Amino acid sequence: MSESEPLPAAMARFQRLLVLDYLKAKDSMDPGMMPDGVAPTVENVQVNLVILQRSDLREEFAGQTFEAQGDMEQWRVEHVFSTAASRLQPIELQSLFLASAPQRTTVSKGSTLGVLAVASAGCGKTFVFTLVAPWKWAKKELWPEFDIVVTRELRSKSVREAEGVGELLGLNFYDITDARDRQAVCDFVREHPERVCIILDGLDETSLADCSEFVRKVIEGRTLRGIRLILTSRPCTDVFKLSESRVFQHRVELIGFRADDVKAYVRKVLRAEEAAALLAEVEKDDQLSSMMATPFIAKETCRLYHSDKFVPRCVADMFERMIIQVAERRSGEVYKHWGEIPVELQALILDLGGFAFNMLIEQRLVFTEADIQKHALSEDAIALGLLVACDPSWKDSSNQWRFSHLTMQESLAAKYQVCCKPMTVGRVVRLVEGLGPLSGHLRMFWILLTAQ
């Protein structure tokens, strides 16, 4: 944290509240993820995630096969960038704002300096940038140049529809409601933007079009000029467009675990004998080894092995088992496969899956109580615990809901399509192709659907 000059009283209070909030992150990192106190530590995952800075290679591809002529071709060019391992350079969190990416103009004084952090499902972008980075900043181990680091989720209506600095920073959430205090904080941010870092998580779970004009201006560097901005997302159309902006001089990609990282992770989160047995399975199964490179899958595989001695052989296996565990928590019984679940309980899960499916194909990842009522979702389906309230502590927030994790929504939607076939295979293919390869929220759905 910056010590260049004393902070105004209201700003100092806001800083203290942020620090206290972030320091709790380690205690609540993955509640209930692993029994018996074997949850992985935040340091382990952060150390083992590989954050890479991608060089700007567009000129080198001019006139070649991957010439950009539309969203699909643009994504293919980006895919070439992301897989050109020899052109990828490791970059540390502390270095994100220190130097411009190659072939980019140097940021001018008073201009917003942005970092576009992109990763596929489960690679840890939310974990790193909304939990790890703020936690390390609160401990004075990261970004000492910033007086405040604020993390906000774009899927939340109160964030994406913010109409001013106070709403974007979440001052109501931190009980900064006095008009003079709010004004003091907002004035400081406007007068010293270079000492402020704002992290906006999950552009793929909404869109720029759904954001307020104020939020769009912040992202595009047209207001609050000079702040340091981190924007996280799965690959999507908005991300590709923003990657061309002068605001986002850094584009980084989280690529997950390397082979040695997988071994270190498993050994850290499981007991010695369990770790040895699971790693033996990973060693002899190339598909499982590839899956474990995704931190979310590695975490869930460890959890499933610890609880059930279950080893997934493909992504669909893992998510099928997660759905079965939902049924087990509901009934208190143990099931080896989907067919053993009582028909009534299957129907309850598929009811929720139908809702997940309908919202997904409408590109709706956040929904209202009216949506739930329109679908006639039963109270028992809601009680499965997979729907969570957005902004539960936000004092003046309208009631909005989302699934506990986007991959869970995708998994339930895929299960519903497989079991109930509301669409022909051809129609699903046309739907996915019509939305394009940049529809990040459909990519895992498609993987799960085609794997079953």
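Start with helix H14 (residues 315-331) and helix H18 (residues 406-420): in this predicted model, their axes come within 10 Å and cross at roughly 90°. Show side chains next. On H14, pick Phe319, Glu320, Met322 and Ile323; on H18, pick Thr407, Met408, Ser411, Leu412 and Lys415, which together make the contact. By class, the contact has five nonpolar, two polar and two charged residues.

Now the cores. The largest nonpolar core has 66 residues, and Phe14, Trp143 and Leu168 touch the most other members. Select helix H1 (residues 9-23), which gives the most to this core, with seven residues. Then centre on Leu168. Its contacts, not counting residues up to four places away in sequence, include Val159, Ile198, Phe214 and Leu224. Another core, of 63 residues, lies apart; Met292, Ile324, Leu350 and Tyr416 are among its members.

Turn to charges. The structure holds 21 salt bridges. Select Arg195 and Asp147: their closest N and O atoms are 2.4 Å apart. Arg195 lies in the loop between H7 and E5 and Asp147 in the loop between H4 and E4, so the pair ties together parts that are 48 residues apart in sequence. Arg195 is buried at 6% relative accessibility, and Asp147 is buried at 0%.

Move to Lys309 and Glu274, a salt bridge at 3.1 Å, N to O. Lys309 sits in the loop between H13 and H14 and Glu274 in helix H11, so this pair ties together parts that are 35 residues apart in sequence. Lys309 is partly exposed, at 48%, whereas Glu274 is buried, at 7%.

Note on methods: Residues numbered from 1 in each chain as written. Predicted model: local features only at pLDDT ≥ 70, side-chain atom pairs only at ≥ 80, totals over all residues. Heavy atoms only, no water. Axes fitted to C-alpha atoms, helices over the stretch in contact; angles between N-to-C directions. Helix = DSSP H or I, 4+ residues; strand = E, 2+ residues; numbered from the N terminus. Contact = heavy atoms within 4.5 Å. Nonpolar A, V, L, I, M, F, W, Y, C, P; charged D, E, K, R; others polar. Core = buried A, V, L, I, M, F, W, Y, C linked by side-chain atoms within 4.5 Å. Buried < 20%, exposed > 50% of the residue type's maximum accessible area, 1.4 Å probe, protein only. Salt bridge = Lys/Arg side-chain N within 4 Å of Asp/Glu carboxyl O.
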